[in-house]
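Welcome! Please take a moment to look over the sequence and the model shown here, and then we can walk through them together.

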Amino acid sequence: MESFNNKIADNDKVEFVHFSLDRSPEAALAWAKKENFPWPHVLADKHVESGLQKYAKRFVPYYMLIDKDGKILAEGSQAVFDKIDDL
Amino acid sequence: MKKTICIILAASGLSLIALQARTWTSADGSKTFEGNLKSYDKAAGVVKVLKGIREVSFKVEMLSEADREWLQSQTPEAKANKDAADMEQAVLEELENQVIGSKIKKGVLSVLEDDGFVDHTMTYAPEYYVVYYSASW
């Protein structure tokens, strides 16, 4: 959350999207409410439609930085947030 | 030259909408006249129109339905709404040209609002996306 607030919240060049791997919408909602997530979510019923499922790994949590054309620029929390400084 | 014209307009108290010439029609459709809108006071229902160099003022009820609708579209609120709609459309068109944005621009994302998720439409077209894959478990 701190990295989001410092590097993305007011950055018009970057959007943060949470791809929720909770199968149950109730579980996703409960977690979002508990943590008060400010960012947009892709919920389970929109995984395929979002086009972001193909980038998913077999484990979570996982961060990925993708450009608007779908090119992967960085993977993993540290690399992603470091890369944002260079954009 | 443009700067000079703007200064003259500002000094004369005319807004840019005053430059919009229009054929006005009376409520019963029997009369028409040419004139430039100078101002429209929505609360008072009073329209001021410049006919040449002469200013005429009358109640909005004296105008045709089409004129009244057009006046409504000239109010600051209507213009602000139109600007917002135009902006949203421009963003959606920009997103449509993206591999990522075209998929998630509308109807795919949700945001937390009050006690539940609501549909989220992208309000700008970013160049980059950080995707956070995670779950509550």
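**A tour of chains A and B**

Of the 87 residues of chain A, 24% count as buried, a residue being buried if 20 or more other C-beta atoms lie within 10 Å of its own, exposed if 12 or fewer, and partly exposed in between, with C-beta atoms placed from the backbone. Before going on, a word about what you see: this is a predicted model, in which local features need pLDDT of at least 70 and side-chain atom pairs count only at pLDDT 80 or more, while totals for chains, interfaces and linings use all residues. Residues are numbered from 1 along each chain as its sequence is written, and chains are lettered from A and ligands numbered from 1 in the order in which they are written.

Let us begin with chain A. Its elements are 4 helices and 4 strands; helices (H or I, at least four residues) and strands (E, at least two) are DSSP runs, numbered from the N terminus. Starting at the N terminus, they follow the pattern α-β-α-β-α-β-β-α. The C-alpha atoms of chain A fill a box of roughly 35 × 25 × 20 Å along the principal axes.

Helix α4 (residues 77–86) of chain A holds Asp85(A). Is this residue, Asp85(A), buried or exposed? Asp85(A) is exposed, because 7 other C-beta atoms lie within 10 Å. Along the chain, Asp85(A) and Lys7(A) are 78 residues apart, yet their C-alpha atoms are separated by 7.7 Å.

Now for the place where the chains meet. Here 26 residues of chain B are in contact with 45 residues of chain A, contact meaning that the C-beta atoms, placed from the backbone, lie within 7 Å. On the chain B side, the elements that give two or more residues are α4 (101–104), β5 (109–113), β6 (116–120) and β7 (128–134) of chain B. Of these, β7(B) gives the most, with 7 residues.

Strands of a sheet pair through backbone hydrogen bonds, either parallel or antiparallel. Two strands count as paired here if DSSP finds at least two bridges between them. An open sheet of 7 strands has the order β4(A)-β3(A)-β7(B)-β1(A)-β2(A)-β5(B)-β6(B), with mixed pairing. At its edges stand β4 (72–75) of chain A and β6 of chain B, each with a single partner strand, so one side of each is left without a neighbour in the sheet.

Follow β7(B) within this sheet. With strand β1 (residues 14–20) of chain A, β7(B) pairs in the parallel sense over 7 bridges, and Phe16(A) has Val130(B) as its bridge partner. With strand β3 (residues 62–67) of chain A, β7(B) pairs in the antiparallel sense over 6 bridges, where Ile66(A) has Tyr129(B) as its bridge partner.

Finally, look at another sheet, in chain B. It is an open sheet of 4 strands in the order β1-β2-β3-β4, with antiparallel pairing. Its edge strands, β1 (21–25) and β4 (54–59) of chain B, each pair on one side only. Strand β3 (residues 46–51) of chain B runs antiparallel to β4(B), joined by 6 bridges, and Lys48(B) stands opposite Ser57(B) in β4(B).

Conventions: Contact = placed C-beta atoms within 7 Å.
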